[in-house]
Amino acid sequence: MLDLIDAEELVTTLRDLVQIPSVDGTPGELEVQRWCARRLRDLGLEVDLWDIDVTATSRDQDFPGMEVERSAALGCVGVLGPTGETPALALYGHTDVVPPGDLNRWHGDPFVLRVEDGLAWGRGACDMKGGVAAILAAVHAVRRSGRPLLRPFAVHLVAAEEDGGLGAFATLRRGHTAEACVSAEPTGEAVIPANAGSLTFRIVVTGLATHGSTRSRGVSAIEKFEVVHEALRHLEADRNVGSAPYFDHLELPWSLSVGIVSAGDWASTVPDRLVAEGRYGVRIDETVPEAMAAFEGAVASTCASDPWLHDHPATVTWPGGRFAPGQLALGHPLLDLIVDEVARHTGRRPAVLGGPYGSDLRHYIAAGIPTVQFGPGEPRHAHASDEHVGLDDLVTCARVYAGMILRTCT
């Protein structure tokens, strides 16, 4: 099986994927799903490509939310093997990517794959079109091996992971399932059986406008946000006392970060409104409502102790995607199975770690499908300028995926 992974074909596949600018909420999100459906059919899989009813899906009480506007989305699942049975294994990948950001920080067009010195550079190369390309290479290798499949396997390729997980949510609601799942999200050579959750918060702080020359007669919304921000720092510190299995390697497994602050509309006016948005980590041992309550409680108690904020409390809302935590059951045999398979191809046992970020793993776990993550690339290169992935890493992961198919389906 080792020599059946075609490294040159794998890079070509990644090049084809990267050149489709499948940024969330753009037509490229649909184009890349159609491309994947064609490729899966070419590999001999039975393919379900369907239009996701975004409006109806978003009304589901468990819908995970979206951060971008989209009126259309496509689901794509391929299955190979005996019909009428639940797939023994699903290989998962998402095909959407985040925007490239400042193009001046890229050494070339982010949507043209650049291969140099054993690395492949481009938007999505790491997160996670590299993983998708490795899955497709593994499927092709299994086909070339000629080994008969006693059980079917599935390939789940989804959209809209980056802003909440609409694609995976709709795929599972459609009835696609498996006895186990391996997600090809980038893991930096580790195996990840658990993800923290994350939420997007928005805080609005009200002040009292006046001329800047008489600022003491007004109330700056910026200064009042400083009060709230300090409380959030204390909240983050309190929530990160102690840890949990798989997360001890992280300094801040449940981090809280303010990413956007906007206030004021005139330089010489004391601002009477501030809007802050950020990312809030959900602990592995709590639910999303519990995490929200802790955050809202911290803001409310801080406002209650400040004379101005007592009468004009800051408001908290939760826009965008909601990433609940998720974890493979302790002691589940899937973990040992993939750890052994990785060790077989690398010569060393991988670290088993928790990921501090949200992912679609939690959708599969919630649907009763045991899931782990193992994929090419370092998580720190995801979403970055000059995003890249190692070619050796791509090939290793493709071999592991092919090995997992053979171990579970033959």
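**Close-up views of a predicted model**

**View 1. A network of charged side chains.** Salt bridges link Asp-24, Glu-29, Arg-70 and Asp-163 in a network. The structure shown here and in the views below is a predicted model. Side chains of opposite charge can pair when their charged atoms come close. The model has 24 salt bridges, and three further pairs are shown in the next views.

**View 2. The salt bridge between Glu-179 and Arg-151.** The closest N and O atoms of Glu-179 and Arg-151 are 2.9 Å apart. Glu-179 is partly exposed, at 44% relative accessibility. Arg-151 is partly exposed at 22%, because a residue counts as buried only when the value is under 20%.

**View 3. The salt bridge between Lys-224 and Asp-306.** The closest N and O atoms of Lys-224 and Asp-306 are 3.1 Å apart. The pair links distant parts of the chain, 82 residues apart. Lys-224 belongs to helix α6 (residues 221-239), whereas Asp-306 lies in the loop between α7 (288-304) and α8 (307-311). Both Lys-224 and Asp-306 are buried.

**View 4. The salt bridge between Arg-380 and Glu-378.** The side chains of Arg-380 and Glu-378 meet at 3.4 Å, N to O. Arg-380 is exposed, with a relative accessible area of 61%. Glu-378, at 29% relative accessibility, is partly exposed.

**View 5. The largest nonpolar core, with Tyr-401.** This core has 80 residues, and those with the most contacts inside it are Ile-338 and Tyr-401. Helix α11 (residues 391-409) gives the most to the core, with 12 residues. Leaving aside neighbours within four places in sequence, Tyr-401 is in contact with residues including Leu-91, Gly-131, Ala-134, Ile-135 and Ala-138. Val-182, Ala-184, Phe-374, Gly-375 and Pro-376 are also among the contacts of Tyr-401. Another core, of 27 residues, lies apart from the largest one. Among the residues of this other core are Val-228, Leu-274, Leu-309 and Ala-314.

**View 6. Thr-200 and the residues in contact with it.** Thr-200 lies in strand β9 (residues 197-206). Its side chain makes a polar contact, at 3.2 Å, with the side chain of Glu-67. Apart from neighbours within four places in sequence, Thr-200 is in contact with Glu-67, Gly-278, Thr-317, Trp-318, Pro-319 and Gly-321.

**View 7. The cis peptide bond between Asp-127 and Met-128.** The peptide bond that joins Asp-127 and Met-128 is cis, with omega about -15°. Met-128 is placed in the loop between β5 (119-121) and α4.

View 8. Ala-160 has phi near 60°, a positive value in a residue other than glycine. Ala-160 is found in the loop between β6 and α5. With a relative accessible area of 1%, Ala-160 is buried. For Tyr-246, phi is near 80°, again a positive value in a residue other than glycine. Tyr-246 lies in the loop between α6 and β10 (256-263).

Conventions: Residues are numbered from 1 along each chain as its sequence is written. This is a predicted model: local features need pLDDT of at least 70, side-chain atom pairs count only at pLDDT 80 or more; totals for chains, interfaces and linings use all residues. Side-chain values use heavy atoms; hydrogens and water are left out. A salt bridge is a side-chain nitrogen of Lys or Arg within 4 Å of a carboxyl oxygen of Asp or Glu. Buried means under 20% relative accessible area, exposed over 50%, partly exposed in between (1.4 Å probe, protein chains only). Helices (H or I, at least four residues) and strands (E, at least two) are DSSP runs, numbered from the N terminus. A nonpolar core is a set of buried Ala, Val, Leu, Ile, Met, Phe, Trp, Tyr and Cys residues joined through side-chain atoms within 4.5 Å. Contact means heavy atoms within 4.5 Å. A polar contact is a pair of N or O atoms within 3.5 Å; within protein, one must be able to donate a hydrogen and the other to accept it, and residues adjacent in sequence count only if both atoms are side-chain atoms.
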